[in-house]
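Please open the structure in a viewer and keep the selection panel at hand.

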4 protein chains.
Amino acid sequence: MSVKLSQSETETTLLINQFKNCREQTEKICAPLELEDYVPQPIADVSPPKWHLAHSTWFFEQFLLSTFKQGYTVYDSDFAYLFNSYYNNAGDRVLRPNRGLMSRPPVRDVLAYRDYVTKEVLDFIGSGEAEKEALDILELGINHEQQHQELLVYDIKYILGHQPTFPVYGDTFNLLQESQEQRWISMEEGLYAIGFSGNGFSYDNENARHRVFLESYQISNKLVSNAEYMEFIKAGAYQDFNLWHADGWDFIQNQKLKAPLYWHQTGGEWRQYTFSGLAPIDPNLPVQHLSFYEAYAFAEWKGMRLPTEFEWEAASPQFSWGQLWEWTGSAYLPYPGFQKAAGALGEYNGKFMVNQHVLRGASVATPQGHSRATYRNFFAPPSRWIFSGIRLAKTK
Amino acid sequence: MSVKLSQSETETTLLINQFKNCREQTEKICAPLELEDYVPQPIADVSPPKWHLAHSTWFFEQFLLSTFKQGYTVYDSDFAYLFNSYYNNAGDRVLRPNRGLMSRPPVRDVLAYRDYVTKEVLDFIGSGEAEKEALDILELGINHEQQHQELLVYDIKYILGHQPTFPVYGDTFNLLQESQEQRWISMEEGLYAIGFSGNGFSYDNENARHRVFLESYQISNKLVSNAEYMEFIKAGAYQDFNLWHADGWDFIQNQKLKAPLYWHQTGGEWRQYTFSGLAPIDPNLPVQHLSFYEAYAFAEWKGMRLPTEFEWEAASPQFSWGQLWEWTGSAYLPYPGFQKAAGALGEYNGKFMVNQHVLRGASVATPQGHSRATYRNFFAPPSRWIFSGIRLAKTK
Amino acid sequence: MSVKLSQSETETTLLINQFKNCREQTEKICAPLELEDYVPQPIADVSPPKWHLAHSTWFFEQFLLSTFKQGYTVYDSDFAYLFNSYYNNAGDRVLRPNRGLMSRPPVRDVLAYRDYVTKEVLDFIGSGEAEKEALDILELGINHEQQHQELLVYDIKYILGHQPTFPVYGDTFNLLQESQEQRWISMEEGLYAIGFSGNGFSYDNENARHRVFLESYQISNKLVSNAEYMEFIKAGAYQDFNLWHADGWDFIQNQKLKAPLYWHQTGGEWRQYTFSGLAPIDPNLPVQHLSFYEAYAFAEWKGMRLPTEFEWEAASPQFSWGQLWEWTGSAYLPYPGFQKAAGALGEYNGKFMVNQHVLRGASVATPQGHSRATYRNFFAPPSRWIFSGIRLAKTK
Amino acid sequence: MSVKLSQSETETTLLINQFKNCREQTEKICAPLELEDYVPQPIADVSPPKWHLAHSTWFFEQFLLSTFKQGYTVYDSDFAYLFNSYYNNAGDRVLRPNRGLMSRPPVRDVLAYRDYVTKEVLDFIGSGEAEKEALDILELGINHEQQHQELLVYDIKYILGHQPTFPVYGDTFNLLQESQEQRWISMEEGLYAIGFSGNGFSYDNENARHRVFLESYQISNKLVSNAEYMEFIKAGAYQDFNLWHADGWDFIQNQKLKAPLYWHQTGGEWRQYTFSGLAPIDPNLPVQHLSFYEAYAFAEWKGMRLPTEFEWEAASPQFSWGQLWEWTGSAYLPYPGFQKAAGALGEYNGKFMVNQHVLRGASVATPQGHSRATYRNFFAPPSRWIFSGIRLAKTK
């Protein structure tokens, strides 16, 4: 939210292009889908693709057009109710677990809604009438839609990956092998500056930059691989309570978990659902789709630990990242001096700062231009449908 | 199941025509839907239309073609798993509450599956090779699909009626006003013959015909109207536990019920969702969409009672019926000498003979040719999405 | 409730003696308990013994003393709230599943409450001032307390039987072997008079006597034994869905049932908890502690069925009964002409006439004088902590 | 666990006295109870007093006597199963929510068990044969029992406070008024040493002492009072989602909360259950029995925040504390270099380091000698039956 654009024409043009690209990209992600795939919500966490298409549009309508554009006519007054996510300040809404029941409006109406709002935004911004506050919201709206692009990828994978027929989506979001040898990066004790600084967009939760004292530590230059995780499984780790948090042990017992999400064992052999269908486990790829509980237990089994988010940020210039979000040992809490925005946008981050853990980095599903070393992603510890992995750390 | 056709050519031709009409009718019911409407399962009771299309087809494939047709090639081996409903004998299946998660196969594949099986059945029956047992299964399959046609109407109403936009379906399944004056039909005590007899199709649960002794009673010639039910609501009946079964009272408390399903109160005025959209309550139409608990409580409030299914059947020649299924006071239990069929088809009726109540009659959603006075419909007492109404009785 | 006493002094004296014996008997049942055993409520169905002691007392206070005795002073006004069971008409009450949370009042206060009410009732009845209606309530109260005596035995067995240490209670309520050979009693078709007639106490649900036509049938002279039920288990019946109602199959799957309640398998051998502790299964004793679902499945496995409650009553003079309540195939429904009483006592039976099955007979836990051939006991189909068994029938 | 006693005779004598006092104190806390109060478990969090008496004893038997004393005879082998809490390494156990179902062993057997183990421990330690490791366990066992003494007070209050009769316990654990004026203590930015150092007992979670950098902040010298919290209620805070975490808002909605635990509104006036019975709210006492969510929302409403646990510890020498545990803004996470102990005792703290928040300080229910400024208490955010309060902080 702390956009610091000098609102020159160049910057406005840049923003318009970002906006156009963003809107196109969302629809491109959906291109391989059948119309029927836009509808289901298999679990509360996973929203129907149709909902993402509409909700990211509603955000621009609600917070930009209705608020700032003179004489703007709402596309359909029911849509605010249908496609609000969690903004209590923006009125009533369909309860989250009921998103999959809404077969109406049909997808073509949602696409028409998208076109309408896209055009209205372009008209408004192109007219030069938009003041700085509106442009800030536009930028926030783009970042918001980018976040939903990433969730869209997660949710599509979940929907397709739970069809008994394991359909193929395409190879867009495949992981790459990490070719370098594993080694330990040593970090000295000292005060480190943590949090966003500089120009460009950032979220309120990355601010303000502040000092954190770190004891010396070591952190791995690469992610844990499928081969290493397979050893953990074979060592009986899913049956050894000593490796797990009490809540984690309950979780894997209740859910009867024995492996990462999308892993299936048939005839003794493990395979995993990928966007290209069911495939053998590639031992050299990073292990993916783990809950925080599993990431923690793996580190425990290795006699190591997950890095804190501060350790991660301080060391991040020294390793490559961006294939998978990396669980940290840090709970999601406000930085010193954190202030949430007034009104509905104040609900963006602050109200989730309890019962969540921070992930750092980015993933193959993260839109271009949406990642930075200070970015704080967060999910509840049991989350497995996200693109999550493990980087190990240890106290020197 | 007790088909008593003499399998002359004429009768086979008749059956073929019934089969064709039946297959077409199912698709006709779906015609007003958007493609997205085929997918959701808003509650466990309500199946996606796509599922009905496929399941009624699977029944012919599983029990007729795979069993009796030499060299039959199954359309897609996954479909048996996907579209089996509750036949444990026919193998594993998608759990009922998960039907709405299956976006694949898309509707066009299900329609292709329908065409394939329809054609295969016509080939098989047209060839004259089908023996009597196969023709019996064909007849059962037609009746089975007709039952699903009725459920399809219920489920479509539920799906559309739970869209915040209350979309219009069309006026096909509207109720008619019952023009006659209310009066009491008096029935004398005595032995009555109950259950199916004669030629034509019947279900195993209607057999065998047997004698039941009835004390004298009176039964109404017409259904309870919306106007009468409105009085019941206005009298505070939903707040008076004395009128309700203990389970019924818990049910309406937990669900916070104050009126029949699809009734909405806005600004003090009641309206109801119909296939033509949201509309004022027509006081002269029969009241519809009641649970057994509500039907019972209404009778209790009138100082009367629901007829037993035997009273209903004995008196049925003396009143008109067929607009709504009528809750009876009878639990769904086997008739004396009831025998369930061997194998998977034995799961059709018998295993549901506990915790259900019998409804008699038929409804505007019942397919032509699928109703008779001995027909025993049954649902669990809380069911409200069915086309149910009330006929009163009293002890003389 | 249809008491037909001519209220002579002799009959009043008789009633007083019944009352005294009844009050003493309740406390005698509790004598072997530790004080701690009076408190827990392990499942919603099982009430703490302390609660039974107080509730049966509250019934006399609420419906007899407070209603009929001039100037009666309530023992403690909180007790009405604490010890009302399900009489909505008698005001608010502790919710059923919370009975086990009430450590106060302590047992000694409950016993003092019992003494106070017993004495007040004796004073009131002894004074000769009680009118017929009050004496009817007294008689109902005695029968009510007798029903709770039986439940007390069930609940004590459940509480003790779920202690890891399987404590001994005593041998008061042991089953006896049925020495006669198994044979089939043949009953002719015809009209039978069903329901209570004559003098003496009966419940409203046994009235009115009416005619039922029965087809000819056969019914066993003795109960199914542990040995026979063991064969059923060994034949894999708990794994064969064809034998079960759909609801019954779900029930045994969800609860992971493999044998009657209180049966424990250790080292391949079955033992059962009895009031004398953990003991080997006696093959010659009647099998006990079955749900309706299990009784039905057993009959199905034998190719037979459970008798209806009408068949049971018509044939009952020809066999001995009284060791265990016998599940019938009849749902619990009102007899023709059934009328429930006005006010709170009208909640006694009628409001439970849905989702329950009838058991006939009596058990070793039934108080003396509380059984008759027309008695209609009823429980929900999953109930297993009751003293239930199986008598088979078949269509001739 | 990091006990650093030089095991001189004096120190052993001291330990023996601590042990004796501790064992007596536990029983003293239970003295005002009725025998029936020892049994119930009204919610999963609240254990029966009987269970605490036995479990704290089992800890000494399991980890001290059975492990270190030659030829020790276990009191009753069933007790290990009955009274293990959560030590997976120590074998099977009664599931936590089932503790209230165990009426056996009766309280007198549990007291006999206590006497037996107390005597055995005194013999063992008095004999001088106990090595250092055993003495460490003894010290841990004393601290463990002291923790259970505090829980015992919470649980007794919950059990008594949920009796409809609100019984009196006594005035032992009453809060005192904080007489000083409210003022802000200013703390400078800088590196602070956090965590335990020095001699004496500490838990593994307080170690190791390490450096934390704090930005400058202000912290209140006193706790928030009932009067201040009443203003928050009256301002409609329980109806304003903007003040709450998303999870907190769900929590108060689902539980229908409007005030702290034990507050009851009758006739417009608030009263609260105290150990002396139901009493008016004293405006000058600290507000008590709040969840983390409520503490957070209160701070939010004041435009302030909760201190982190580090801020609390750094400033603690400058204010008085010890009446109530104080919710901090810190999630419960391991300190740098945290190592959990090997074996069962390693389950003491580490496995709970997720989904919990830290409380600092102590309460009126904390046993003497069991509090220190580095002590890290922790509970799940919804916990309200604990003795919790609020101290505010703000960024300078």
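Helices (H or I, at least four residues) and strands (E, at least two) are DSSP runs, numbered from the N terminus. The model is predicted: local features need pLDDT of at least 70 and side-chain atom pairs count only at pLDDT 80 or more, whereas totals for chains, interfaces and linings use all residues. Residues are numbered from 1 along each chain as its sequence is written, chains are lettered from A and ligands numbered from 1 in the order in which they are written, and side-chain values use heavy atoms, with hydrogens and water left out.

For residues 182-316 of chain A, an unreviewed UniProt entry lists "domain: Sulfatase-modifying factor enzyme-like". UniProt positions follow the numbering used here, feature names are shortened, and annotations may be inferred rather than shown by experiment. Next select residues 18-151 of chain A, where UniProt places "domain: DinB-like" (unreviewed entry). This segment is 60% helix and 0% strand, and its end C-alpha atoms are 19 Å apart.

**Second stop: the core and Trp244(D)**

A nonpolar core is a set of buried Ala, Val, Leu, Ile, Met, Phe, Trp, Tyr and Cys residues joined through side-chain atoms within 4.5 Å. Buried means under 20% relative accessible area, exposed over 50%, and partly exposed in between (1.4 Å probe, protein chains only). The largest such core has 104 residues, and those touching the most other members include Leu64(D), Phe232(D) and Trp244(D). Helix 5 (residues 132-161) of chain D supplies the largest share of this core, 13 residues.

The whole structure holds 173 aromatic pairs over all chains. Rings of Phe, Tyr and Trp (its six-membered ring) pair if their centres lie within 6.5 Å; planes under 30 degrees apart count as stacked, over 60 as edge-to-face and the rest as tilted. Select Tyr158(B) and Tyr262(B): their ring centres are 6.5 Å apart and their planes at 65°, so the pair is edge-to-face. Tyr158(B) lies in helix 5 and Tyr262(B) in the loop between helix 7 and strand 5 of chain B, so the pair ties together parts 104 residues apart in sequence. Both Tyr158(B) and Tyr262(B) are buried.
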